[in-house]
Amino acid sequence: MPVSTLTLSDLRITTHQGGKLRTLVDGLSLSVQAGRVLALVGASGSGKSISCAGWLDVLPSGVKREMGQARLGDKAISFAALRGRVVGSIMQNPRSAFNPVMTMRAHARETLKALGVEYASLDDAVIAAFADVGLDDPAGMLGLHPFELSGGMLQRVMIALALLGNPPFLFADEPTTDLDLVVQKHILDLLETLVTRRNMGILLVTHDMGGVARLADDVAVMDQGRIVEMAPVAQIFAAPEHVITRNLVAAHLSLYGQEVA
Ligand SMILES: Nc1ncnc2c1ncn2[C@@H]1O[C@H](COP(=O)(O)OP(=O)(O)OP(=O)(O)O)[C@@H](O)[C@H]1O
């Protein structure tokens, strides 16, 4: 039976700064559900990206996870086992995520090796994955290097690579940052398709409240390493409670000449 809920609880992340222990994430708990999008929003530096890195066991050196548990359905799962097979991940700034001297085929080969997944034909599997995310000429892309692709194409390749292990969940950290508006819409369309067609559960880390309004079912708001508000998306926009949420919604509405009710 497919597992429908990924429960992440009590994440605590610390670092040492100027000889003092600094808590970056303090008891963060979230649930991501199949077929739903949970948006994680908050001011810059509130701890969204470092939390994702903590869940996926890819924290930078000098930053430590002190606590945290993950459950898939009712079974405990290690963080190391989440990445790739259970949670695919795409990070902000796709260009920096690719090695400039490696082709798309070589990137796919590395991803599959890390996942321990074997296909009868690597090229066929990757071409199918590229076609699935709407890339034109997927076979022709295999021999291309990152500099030969636009930012939007690279983001689609990153999503295709994240899906190679067929994970039920996806963490998307600022997937539309640095892309032009038309491409942003295409990437949001693609994420929506993953939810409707594959029943994926997505954790969407973003500053883009327009994207939140468009895609999210639920919203968690972070401030200084903690969740300060969590509610269905309609409630977040209609009746934001915490000052951080009100500021985010107000900034978004002001783009359209509107105010928070
Ligand atoms: N490698 C690191 N070493 C020490 N502190 C770090 C490191 N990376 C991030 N931090 C700190 O962790 C805190 C949270 O950073 P994080 O990148 O998670 O914020 P964010 O909410 O994702 O911000 P943004 O929206 O700008 O991406 C910040 O105070 C940041 O300075």
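**Figure 1. Helix α1 and its burial in the predicted model.** In helix α1, the buried residues are K48, I50, S51, C52, A53, G54 and W55. The structure shown here is a predicted model. Because seven of the eight residues of α1 are buried, the helix is largely enclosed by the rest of the structure. D57 follows α1 and has a positive phi, near 65°.

**Figure 2. The shell around the ligand.** The ligand is surrounded by 14 residues. S44, K48, S49, I50 and P60 are the closest of them. Helix α1 (residues 48–55) supplies the largest share of this shell, with three residues. Sorted by class, the shell holds nine polar residues, four nonpolar residues and one charged residue.

**Figure 3. The six-stranded sheet.** Six strands form an open sheet in the order β6-β7-β8-β3-β9-β10, and their pairing is mixed. The edge strands, β6 (87–90) and β10 (226–232), each pair on one side only. On average, neighbouring strands of this sheet are turned by 15° against each other, with direction ignored. At one end of the order, β9 (residues 218–223) pairs with β10 in the antiparallel sense, over six bridges. Within this pair of strands, D223 stands opposite R226 in β10.

**Figure 4. Two helices packed on the sheet.** Helix α7 packs on the sheet and touches β6 and β7 (169–173). The direction of α7 makes about 165° with that of β6. Helix α8 (residues 181–198) also packs on the sheet, where it touches β3 (37–42), β7 and β8 (201–205). The direction of α8 makes about 155° with that of β8.

**Figure 5. Strand β8 and its two neighbours.** Which strands lie on either side of β8 in the sheet order? They are β7 and β3. β7 and β8 run parallel and are joined by five bridges.

Figure 6. Is β8 mostly covered or mostly open? It is mostly covered, as five of its five residues are buried. In a regular strand, side chains alternate between the two faces of the sheet. G201, L203 and V205 are buried on one side of β8, and I202 and L204 are buried on the other, which leaves both faces covered.

**Figure 7. The largest nonpolar core.** This core has 68 residues. Those that touch the most other members are A39, L40, F130, L170, I202 and L204. Helix α7 (residues 151–162) contributes the largest share of the core, eight residues. Leaving aside residues up to four places away in sequence, L204 touches V37, A39, L40, A172, L215 and A216.

**Figure 8. D132 in helix α5.** D132 belongs to helix α5 (residues 122–132). Is D132 buried or partly exposed? D132 is partly exposed, because 18 other C-beta atoms lie within 10 Å, while a buried residue needs 20 or more. K75 and D132 are 57 residues apart along the chain, and their C-alpha atoms are separated by 31 Å.

How values were computed:
Residues are numbered from 1 along each chain as its sequence is written. This is a predicted model: local features need pLDDT of at least 70, side-chain atom pairs count only at pLDDT 80 or more; totals for chains, interfaces and linings use all residues. A residue is near a molecule or strand if its C-beta atom, placed from the backbone, lies within 6 Å of it. Helices (H or I, at least four residues) and strands (E, at least two) are DSSP runs, numbered from the N terminus. Ala, Val, Leu, Ile, Met, Phe, Trp, Tyr, Cys and Pro count as nonpolar, Asp, Glu, Lys and Arg as charged, and the others, Gly among them, as polar. A nonpolar core is a set of buried Ala, Val, Leu, Ile, Met, Phe, Trp, Tyr and Cys residues joined through C-beta atoms within 7 Å. A residue is buried if 20 or more other C-beta atoms lie within 10 Å of its own, exposed if 12 or fewer, and partly exposed in between; C-beta atoms are placed from the backbone. Two residues are in contact if their C-beta atoms, placed from the backbone, lie within 7 Å. Two strands pair if DSSP finds at least two bridges between them. Axes are lines fitted to C-alpha atoms, for helices over the stretch in contact, and angles run from 0 to 180 degrees between N-to-C directions.
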